[in-house]
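Subject: Structure handover

Hello,

Here is the structure for you to look over. My notes follow it.

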Amino acid sequence: MEAFFRTHRYLVEHVNAPVRRGLMDEIDWNARLIGIKGTRGVGKTTFLLQYAKENFDINDRQCLYINMNNFYFQGRGIADFAGEFYHHGGRVLLIDQVFKQSNWSSELRTCYDEYPGLKIIFTGSSVMRLKEENPELNGIVQSYNLRGFSFREFLNLKSGCDFQPYTLDDILQNHERIVKQILPKVSPNKYFQDYIHHGFYPFFQEQRNYSENLLKTMNMMTEVDILLIKQIELKYLSKIKKLFYQIAEAGPKALNISQLASDIETSRATVMNYIKYLADARLC
């Protein structure tokens, strides 16, 4: 347990969150079980650590961040670990990549039933359907989607401003007033093309080739998220990737499902399922 607290302190201390995500103010933090879904690279880990930094002292042992990628959890279940944490005074457990443990949903249900004073906030892939595919969580989990940067968030990051979100009604009724508040500080048009090109994923801030990073992220979503969560055999990965390529090549026109099924040598029903998985992963 001490090793996890040391990791928690280090990560929270060094978290780099230059933009406060809008979702932080939309979540009902009173809920006992909160799921944060999103595609790889949109900042789910940073989001958890930012929550911890805003709400707890770095040495407060009531809050703990753990990652299911840790091999430790191959030999110990979430509920067992959460029980020890809870009985030693823990009250908020932040679980990253919860789906890496095969029986994660039943483990979370056990935590919810047995530790009423424990709040669990977990992250998962956008491919996951928390309530539809995990009936044991129905009625107890509050699910939210963390997306990539909005243009407003990107603009705040690049300009150093702190523009707040506007509702559609605000924009329709008060656009002249809003423009007068924004234009003296920054010209949004200067940043829009950059946003379209690379502004959605926060990793554009890293000193690495953006296109290669994006390609790596897309491959990880296909090879890990879709195959692992949907329990698809590895031998079908090439068909999914070929389908993905053909959809991208087709552009915005209507898809010919029969032709796609013929091209990747599978059934129409399988093609429809693959397209659904790609859409859930926000890849198409």
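A search of the whole structure finds 11 salt bridges (a side-chain nitrogen of Lys or Arg within 4 Å of a carboxyl oxygen of Asp or Glu). This is a predicted model: local features need pLDDT of at least 70, side-chain atom pairs count only at pLDDT 80 or more, and totals for chains, interfaces and linings use all residues. Residues are numbered from 1 along each chain as its sequence is written, and side-chain values use heavy atoms, with hydrogens and water left out.

Arg21 sits in the loop between α1 (2–14) and β1 (33–38) and Glu153 in helix α5 (residues 151–159), so the pair ties together parts 132 residues apart in sequence. Helices (H or I, at least four residues) and strands (E, at least two) are DSSP runs, numbered from the N terminus. Arg21 and Glu153 are both buried (under 20% relative accessible area; exposed is over 50%, partly exposed in between; 1.4 Å probe, protein chains only).

Asp225 and Arg40 form another salt bridge, 2.8 Å from N to O. Asp225 is in helix α8 (residues 210–229), and Arg40 is in the loop between β1 and α2 (44–55), 185 residues away. Both are buried.

Within it, Asp25 meets Arg20 at 2.8 Å, N to O. Asp25 is exposed, at 58% relative accessibility. Arg20 is partly exposed, at 37%.

Regards
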